[in-house]
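Colleague: Could you walk me through this model? I'd like to hear about helix packing and charged pairs.

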Amino acid sequence: MDASDKYPLAVVIGYGPDDKLATKVVASIFTAPGQQEPAAMEKWTVEKGDIRQDSAAMTSLAHFLKRHRAVKNASYNWGWGCPHEEGIDYPEGEDCPHCPFWANLDRHTLEPKSLDRPSSPEQLLAGLARERTEQPLLVFEAVDRHRREMVEPLLRAVESVLNDCGGASAEDLRVFSYGLAFLTKWREPRAFPLVIRWLSLPTHQAFDIGGDTVTHWGPRMLATLCGGNVEAIKSLILDRKADEFCRSEAIQALVALVAWNERSRVEVVDYLGWLVRAGLEREPSVIWDGLVEACANLGAIGALDDLREAAEQDLFDPLFLEIELERVNAEGTELILAELREFLTPFDDVAKESEWWECFSNEEPDFEPGFESMIEDDQAIDPDFLLPEDLEPPPYREPVVDLPPQPYVAPPKTGRNEPCPCGSGKKYKKCCGA
């Protein structure tokens with residue numbers, strides 16, 4: 001589309017005491033590219049509530065857009081800072097006394113302007129919740145600096161999602177993942193039962209709210225937070241209501257504890273042998289693949305021999321067992337454990353642990369920064385919507401920042417411990433899934 005086709009361009013921005021509530025809206029009309037000042041501007045405010053729910057204000061806004069023939073290019077952003085004007089409502093260079101949420105907070109990025117000044121839990125939670133294409137490293141640093149104040153809010157945020165998995169917004173899910181990451185990094189013991197609850201969710205629900213963090217983070221979170229309480233991990237392994245991938249990752253958590261020298265290898269090998277012989281249900285599932293891999297990693301030769309019978313019962317692919325046996329014979333247990341210590345590292349760096357998220361792929365934006373970057377087809381007003389004989393206010397819209405792609409929600413796929421579908425004979429995670 002030619003740039004001239006976007007004009008007249010209407011930019012509609014909402015302001016409020018925080019990033020969610022809008023008490024003021026400003027609509028500006030630009031008639032040509034590069035225009036520094038709008039050709040027309042109008043403001044609306046409300047004393048109470050959200051202006052998006054005020055029919056009079058929204059009807060007036062609709063008339064304004066129609067009058068300036070800009071309805072096809074109306075773009076909305078509802079979280080762009082304090083509604084009060086510097087130098088008019090409060091002195092220049094100072095924070096607005098009426099809106100403490102915006103103090104020391106960049107209104108575009110929701111990151112601290114200065115790490116030397118304190119941040120409130122509300123500001124930091126908003127910073128974690130915002131949709132981004134780059135990691136919010138300043139927010140991470142500020143959260144770490146305010147660890148004492150952030151533990152309780154993050155615990156509440158994680159528990160809130162677990163209490164209403166289906167009702168969680170994209171913002172809630174981001175805070176859920178970041179919250180678990182920080183609580184694990186801080187070794188917060190109250191986070192352990194929350195991780196157990198998360199990974200114990202039935203069917204695919206753990207992936208619905210955490211996506212690939214289940215497999216990237218699950219085993220090490222369990223091992224990092226358990227504090228020696230392996231009984232809770234064992235209960236998850238045996239929980240037939242839980243997702244099979246989550247149960248398999250719980251097995252890997254026991255392997256991690258051995259690699260970190262926090263549990264006896266003999267103790268865990270004995271438990272794995274019991275799972276093979278009697279503990280695990282005799283039904284085909286990903287859990288058996290995880291059990292094969294765990295036995296191989298810990299050199300549980302007796303259990304590997306018992307697994308041949310399970311393979312003959314078609315509980316998992318016999319070829320996978322042969323590949324793992326070859327690996328044990330070729331590398332030896334000590335070398336395998338040394339490799340595990342490099343792979344299964346303790347969970348202690350939130351930036352490193354989240355850098356693989358799809359939203360941080362560093363792809364080039366479609367628009368240069370500025371007003372034009374706010375234009376999205378799905379935010380434009382339907383030209384048939386504002387006919388004179390049927391004039392209605394624009395529908396209530398959530399802020400644009402509340403509609404992110406979820407970098408951590410993944411569709412069902414080949415299990416990381418399953419044979420690679422390409423036919424190489426290797427495990428998926430060591431072949432095409434590497």
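**Charged pairs and a helix crossing**

Modeller: Let's start with a lysine: at 24% relative accessibility, Lys185 counts as partly exposed. Keep in mind that this is a predicted model.

Colleague: Which side chain does Lys185 meet in a salt bridge?

Modeller: Lys185 sits in helix α5 (residues 170-185), and the pair links distant parts of the chain, 41 residues apart. The N to O distance is 2.6 Å, and the partner is Asp144.

Colleague: Arg145 is in helix α3 too. How far apart are the closest N and O atoms in the salt bridge of Arg145 with Glu141?

Modeller: Both residues lie in α3 (residues 137-145), four residues apart, which is about one turn of the helix. Arg145 is partly exposed at 46% relative accessible area, and Glu141 is partly exposed at 36%. Their closest N and O atoms are 3.4 Å apart.

Colleague: And Glu85 with Lys43: how many residues apart in sequence are the parts this pair ties together?

Modeller: The two side chains meet in a salt bridge, 2.9 Å from N to O. Glu85 is partly exposed, with a relative accessible area of 29%, and Lys43 is partly exposed at 43%. Glu85 lies in the loop between β4 (74-77) and α2, while Lys43 is in strand β3 (residues 40-45), so the parts tied together are 42 residues apart.

Colleague: On to the helices. Are α2 and α4 oblique or perpendicular to each other?

Modeller: The axes of α2 (residues 121-129) and α4 (residues 147-163) come within 10 Å and cross at roughly 60°. Roughly perpendicular would take 65 to 115 degrees. The crossing is right-handed, and α2 and α4 are therefore oblique.

Colleague: How many charged residues are there in the contact of α2 with α4?

Modeller: From α2 come Pro121, Leu124, Leu125 and Leu128, which meet Glu149, Met150, Pro153 and Leu154 in α4. By class, the contact has seven nonpolar residues, no polar ones, and for charged residues the number is one.

Conventions. Residues numbered from 1 in each chain as written. Predicted model: local features only at pLDDT ≥ 70, side-chain atom pairs only at ≥ 80, totals over all residues. Heavy atoms only, no water. Axes fitted to C-alpha atoms, helices over the stretch in contact; angles between N-to-C directions. Helix = DSSP H or I, 4+ residues; strand = E, 2+ residues; numbered from the N terminus. Parallel < 35°, antiparallel > 145°, perpendicular 65-115°, else oblique. Left-handed = near helix turned anticlockwise from the far one by under 90°. Contact = heavy atoms within 4.5 Å. Nonpolar A, V, L, I, M, F, W, Y, C, P; charged D, E, K, R; others polar. Salt bridge = Lys/Arg side-chain N within 4 Å of Asp/Glu carboxyl O. Buried < 20%, exposed > 50% of the residue type's maximum accessible area, 1.4 Å probe, protein only.
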